[in-house]
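Good morning, and thank you for making time for this presentation. I would ask you to keep the sequence and the structure in view while I speak.

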Amino acid sequence: MVNSSDRRGAGRGAAAGPWALVPAGKPAGFLVGLAAALQPALLLFVPLLWLTGRRPAARAAAATFAGATVLAWACLPQDVGTYGIHHLTGTGPAPHSVHGALLRCGLGGPGELLLYAALAAAIAWAAVRRAARYARDGQPLLAVAVTGCAAVAVSPAGGRHQLLWVLLAVVGKVGKRAADRRVWPVAVVLAVTLPSAVLLPDLAVLAPVRDNVPLLTAVAAACAVPFLPRSSPYWHAPVPAVHGRPAASRWARVPLLPFWRRVLSRPNLLLELLLIRVGYSIYSHIRAAAPASRGLAERNGSRIHGIERVLGIDIERTVNRAVADAPWLEGFFNFYYSSFHFVVPLAILAVLYWRRPGDYRWARASLGLATVLALAGFWLFPLAPPRLMPDLGFVDTVHGAQDLAHPSYGAMTAISNQYAAMPSLHFGWALWCGVVAVVLAPKGWQKLLGALHPLITVCAIVATANHWVLDAVGGAAVVAAGFGLVHVLSGPRALRVTLPAQRRSEADEPDRLAAAGR
């Protein structure tokens with residue numbers, strides 16, 4: 001919490017300005033001016049110095065910049081001129097800046113330069129005002145980060161190393177809830193460190209955003225992200241997350257590990273979307289990198305086929321040929337196989353997030369653990385699906401006849417590992433959807449639809465020759481293990497906890513402080 005003495009201390013720090021680390025009477029501003037001579041966008045620190053009361057330092061920085069620039073022109077006039085023209089005309093590498101974004105959009109010439117100048121001026125004006133406000137609030141490092149992010153955005157030249165300014169912006173606190181505090185740092189680290197293709201899907205409509213993720217992050221930090229002031233009651237005391245009490249298992253022999261406390265409140269949506277997208281991208285890369293030896297996969301396929309014959313469940317070819325001979329049935333199963341694998345799980349997660357946040361965390365965790373377990377199967381047991389097995393007479397109803405030495409399965413040919421088939425996550429995810437719907441859906445018809453989804457899916461994966469029956473058994477096993485691990489780690493799903501009076505008062509304290517401040 002922030003008491004009156006804290007606020008008075010913050011006021012004294014603000015009066016001293018953000019550059020109080022420089023002892024009084026010592027020369028300041030020289031290094032800022034020298035850095036600006038090398039990278040002119042850093043001149044934004046000069047008005048920041050001026051607005052925060054360090055006017056001698058601002059004048060020294062401006063004079064150093066002017067002197068160094070004149071000296072450079074006098075010594076190397078042709079090189080200095082070439083450097084400026086090289087980047088402003090876009091013949092150099094496109095940096096993570098507004099200028100580079102406009103060039104990537106196909107703009108050029110005087111019109112592009114005028115638009116770039118207008119946008120850069122607006123970003124610089126807004127960022128310097130925000131930085132000065134945070135400096136006066138006693139947050140000098142945040143003020144520096146905001147100004148640096150603006151320099152990244154407005155600079156006509158530069159490289160990826162400039163994104164360190166964006167990384168510095170994680171010092172700002174964003175959000176009233178404790179659960180929201182992780183969103184901004186996670187978003188910044190992901191935007192700076194990961195390829196944009198990992199963060200956003202490869203859709204044409206998203207291309208302008210996907211190609212400029214670092215720039216958009218820098219502009220957001222400079223102009224838009226609502227960093228909390230030190231005077232906010234939530235600065236020291238964010239609204240705490242609500243955790244469920246540890247509960248005993250209904251099964252006496254199942255041990256519970258109490259270190260994973262069940263959070264009952266709704267998680268931050270942006271953080272969830274980021275983690276889901278990044279998690280799925282990592283899953284796709286690991287799956288694609290799993291062993292894909294054709295000989296080993298076909299030998300494993302022969303083993304699976306032999307086991308099914310012994311068990312009397314080798315129905316794949318009979319079902320596949322029957323469906324291939326019925327065009328309407330083939331079309332239905334092809335559509336179902338291709339269309340509902342991602343849509344249904346995402347729809348269920350969205351409904352749970354909105355309507356039942358406590359159960360959302362339980363369902364999301366079980367799905368994630370099941371998927372991680374499936375990756376181990378892909379690596380340990382590469383398996384050829386029926387449609388890629390030679391001499392067994394299967395028909396690939398989805399992709400058509402295949403050259404088994406060089407199979408083609410649409411746009412995913414180059415990046416998807418078709419021997420990552422055991423366990424079947426097509427069926428596993430569908431089974432997860434069915435279990436969640438049967439357990440949580442409030443109406444009977446909703447439970448019925450949920451139960452039908454895995455049944456139709458298992459028919460689709462067999463009818464289209466994309467999986468063996470035992471692949472579905474493997475998918476069911478990893479889903480059961482996912483639910484079981486969540487139970488062991490965080491206890492039974494049916495957890496409904498009312499906060500004790502003391503914790504309720506702690507959670508409400510920031511609201512009372514805010515009301516008192518008003």
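A465 is found in the loop between α20 and α21, the latter covering residues 469-490. The phi angle of A465 is near 65°, a positive value in a residue other than glycine. Most residues other than glycine have a negative phi.

A465 also brings us to a neighbour, N320. This asparagine lies in helix α16, residues 316-324, and N320 is buried as well, its relative accessible area being 0%. Which residues does N320 touch, leaving aside those up to four places away in sequence? They are F394, V395, T397, V462, A463, T464 and A465. With one of them there is a polar approach: a polar atom of the N320 side chain lies 2.8 Å from the backbone oxygen of A463.

The chain has 518 residues, and buried residues make up 44% of them. If we take contacts between residues at least 6 apart in sequence, 76% join residues at least 24 apart. The chain exposes about 26,200 Å², and carbon and sulfur atoms supply 69% of that area.

To take V98 as an example, it touches Y116, L119, I123, A153 and L215, not counting residues up to four places away in sequence.

Beyond the end of α8, please find P156, which sits in the loop between α8 and α9 (164-168). P156 counts as partly exposed, at 25% relative accessibility. P156 and G100 are 56 residues apart in sequence, yet their C-alpha atoms are 7.3 Å apart in space.

The next topic is charge. How many salt bridges does a search of the whole structure find? It finds four, and I shall describe some of them.

One joins E272 and R364, whose closest N and O atoms are 3.0 Å apart. E272 belongs to helix α14 (residues 269-289) and R364 to helix α18 (residues 357-380), so this pair ties together parts that are 92 residues apart in sequence. E272 counts as buried at 6% relative accessibility, whereas R364 is partly exposed at 25%.

Another is formed by D180 and R177, with a distance of 2.9 Å from N to O. Here D180 is buried, with a relative accessible area of 14%, while R177 is partly exposed, with 27%.

A further salt bridge links D396 and R387, the closest N and O atoms being 3.2 Å apart. Are these two residues buried or exposed? D396 counts as buried at 5% relative accessibility, and R387 counts as buried at 4%.

W445, L448, L449, L452 and L455 make a nonpolar surface patch of about 530 Å². L452, one of these residues, has its place in helix α20, residues 444-463. At 36% relative accessibility, L452 counts as partly exposed.

I have kept one backbone feature for the end. Where is P423 found? P423 is in the loop between α18 and α19 (425-440). A cis peptide bond joins M422 and P423, with omega at about 5°. Most peptide bonds are trans.

To close, I would return to two places in this predicted model. Thank you for your attention.

Definitions and conventions. Residues numbered from 1 in each chain as written. Predicted model: local features only at pLDDT ≥ 70, side-chain atom pairs only at ≥ 80, totals over all residues. Heavy atoms only, no water. Helix = DSSP H or I, 4+ residues; strand = E, 2+ residues; numbered from the N terminus. Buried < 20%, exposed > 50% of the residue type's maximum accessible area, 1.4 Å probe, protein only. Polar contact = N/O pair within 3.5 Å; in protein donor to acceptor, adjacent residues only side chain to side chain. Contact = heavy atoms within 4.5 Å. Patch = residues over 30% accessible without salt bridge, like charges linked within 9 Å, V, L, I, M, F, W, Y side chains within 5 Å. Areas by Shrake-Rupley, 256 points an atom, 1.4 Å probe, with all protein chains shown as cover. Salt bridge = Lys/Arg side-chain N within 4 Å of Asp/Glu carboxyl O.
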